[in-house]
Amino acid sequence: MNAPKQKRLAWSAVTMVVCSMHAMLVSGVMGMTQVHADDEVLVDETPENQGQRQPHMIDLGVNFDTNLFDRHGNSWTIRGGNIAVRGQIVIGGRGGNVVVMSTENRAPESPALLRARAAGQKRIERIDSACGLSAAQRQRLELALESDARRFAADIDATRARYLDRQVNMNDPAGQKEWHAFQQDVQRCREQLRRLYDSGSLLVTSLGTTLDERQLAILLDEQAARRTYQWKALVAEALTRLDDTLALTEKQHDTIEMFLVSREPPLRTDIPPNALADANLRRNLVLMVLADVDAKELRAAVSDRQWKTLGNLTSQGRAMRSWIEQQGVLETGATDAPKVLPKVRAKMR
């Protein structure tokens with residue numbers, strides 16, 4: 001065989017080997033691609049897995065007391081939770097921390113009863129500090145307090161029992177619906193808590209037969225002074241902001257302050273310390289009262305330029321009335337004092 005023919009045969013062999021290797025490589029890659037594609041279908045593209053969201057479970061029982069006693073108005077908090085196992089609720093904390101709360105060995109007394117007692121005792125301490133109670137008077141008020149607290153706790157505990165160890169998925173429409181129903185029940189309980197020692201309570205009603213006329217007059221004075229002090233502080237804060245916004249003159253400042261102070265709203269005397277922590281609530285409360293001032297009188301006190309802004313602010317305050325009333329900082333009915341001793345009440349007005 002001559003040399004050129006040998007070379008051609010050699011190159012043909014090399015070409016066949018290369019082609020065979022290429023075919024094997026392509027076949028292998030295609031096979032690998034098919035396996036991966038099949039894996040993706042099995043894992044990610046099955047109908048059962050399409051559109052699913054990771055469940056976000058919360059325990060309504062765990063959230064009940066937190067939202068009833070530690071939140072106010074329309075504010076809400078959700079303490080997360082994923083599973084309940086063998087009497088324990090595992091709550092996911094921030095930063096990956098995990099807190100385990102036992103649902104066994106519960107407190108011997110209702111949290112609602114304990115909280116109600118504590119709130120009533122504070123009320124009695126203020127009454128004692130204002131007018132001085134005898135041992136017999138204090139005992140009588142404490143018995144009335146206990147009756148109010150137990151009646152309140154019985155109703156709250158009946159509501160709480162419906163949510164005890166009840167977990168819902170917040171990523172599911174049915175779970176969201178239950179959460180909204182839960183909010184409505186808690187809001188009703190909040191209102192009961194706010195009104196617990198109002199005029200309809202046995203504690204306040206018994207003041208008229210427990211305190212003498214001198215003590216009751218002192219108590220009314222103390223309550224009125226506390227409301228006035230708190231209201232003037234809110235007015236002063238709001239006027240500082242109005243001064244910056246409107247550039248009020250001293251005369252304008254004093255006129256608007258007079259309008260506000262003379263229209264003191266029925267602030268609750270037992271507002272929790274953090275109930276007025278919201279600066280937006282404090283500001284809109286003052287603007288709501290300012291909106292009750294006769295518009296002609298208020299407009300006459302400021303310039304046309306200032307009125308364009310002030311008029312908008314009072315409209316804002318008027319629109320916020322319903323929301324402000326829901327925050328529980330105002331009394332909605334009678335005042336704390338019982339409906340006795342009309343001449344003492346007349347004196348206080």
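## Contacts and overall make-up

Take the contacts in the protein chain between residues at least 6 apart in sequence: 76% of them join residues at least 24 apart. Bear in mind that this is a predicted model. The secondary structure of the chain comes to 14 helices and five strands. Of the 349 residues in the protein chain, 35% are buried.

## Helix 8 against helix 10

Helix 8 covers residues 213–246 and helix 10 covers residues 279–290, and the two pack at an angle of about 90° with their axes 9 Å apart. That angle falls in the 65 to 115 degree range, so helix 8 is roughly perpendicular to helix 10. On the helix 8 side, the contact is made by Trp231, Leu234, Val235, Glu237, Ala238, Arg241 and Leu242. Helix 10 brings Arg282, Arg283, Leu285, Val286, Val289 and Leu290 to the contact. Sorted by type, the residues of this contact of helix 8 with helix 10 come out as nine nonpolar, no polar and four charged.

## Helix 10 against helix 12

Helix 10 also packs against helix 12 (residues 304–319), here at an angle of about 105° and with the axes 7 Å apart. Helix 10 and helix 12 are therefore roughly perpendicular to each other. From helix 10, the residues involved are Arg283, Asn284, Leu287, Met288 and Leu290. They meet Leu310, Leu313, Thr314, Gln316, Gly317 and Arg318 in helix 12. The residues in the contact of helix 10 with helix 12 split into five nonpolar, four polar and two charged.

## Leu242, with partners in both helices

Leu242 sits in helix 8 and is one of the residues that helix 8 puts into its contact with helix 10. Its relative accessibility is 7%, so Leu242 counts as buried. Leaving out residues up to four places away in sequence, Leu242 touches Ala247, Leu248, Leu290, Leu310 and Leu313. Among those partners, Leu290 belongs to helix 10, while Leu310 and Leu313 belong to helix 12. Leu242 and Leu310 are 68 residues apart in sequence, yet their C-alpha atoms are 8.6 Å apart in space.

## Two loop residues with positive phi

Ala247, one of the residues that Leu242 touches, is found in the loop between helix 8 and helix 9 (250–261). Phi of Ala247 is near 55°, a positive value in a residue other than glycine. With 51% relative accessibility against a cut-off of over 50%, Ala247 counts as exposed.

Asp165 is another non-glycine residue with a positive phi, in this case near 60°. Its place is the loop between helix 4 (135–161) and strand 5 (167–169). Asp165 has a relative accessible area of 41%, so it is partly exposed.

## Asn67, a buried polar side chain

Asn67 is part of helix 2, which runs over residues 60–69. Its relative accessibility is 0%, so Asn67 counts as buried.

Helix 5 spans residues 173–194 and holds Gln192. Setting aside residues up to four places away in sequence, Gln192 touches Phe152, Asp155 and Ile156. Gln192 and Ile156 are separated by 36 residues in sequence and by 8.8 Å in space, C-alpha to C-alpha.

Ser206 is in the loop between helix 6 (202–205) and helix 7 (207–210). Ser206 has 8% relative accessibility, so it counts as buried. Not counting residues up to four places away in sequence, Ser206 touches Leu141 and Ala144.

## Cysteines

How many disulfides does the structure hold? The count is zero. As for individual cysteines, Cys131 is at 8% relative accessibility and so counts as buried. Cys189 is buried too, with a relative accessible area of 0%.

Terms used: Residues numbered from 1 in each chain as written. Predicted model: local features only at pLDDT ≥ 70, side-chain atom pairs only at ≥ 80, totals over all residues. Heavy atoms only, no water. Helix = DSSP H or I, 4+ residues; strand = E, 2+ residues; numbered from the N terminus. Buried < 20%, exposed > 50% of the residue type's maximum accessible area, 1.4 Å probe, protein only. Axes fitted to C-alpha atoms, helices over the stretch in contact; angles between N-to-C directions. Parallel < 35°, antiparallel > 145°, perpendicular 65-115°, else oblique. Contact = heavy atoms within 4.5 Å. Nonpolar A, V, L, I, M, F, W, Y, C, P; charged D, E, K, R; others polar. Disulfide = S-S within 2.5 Å.
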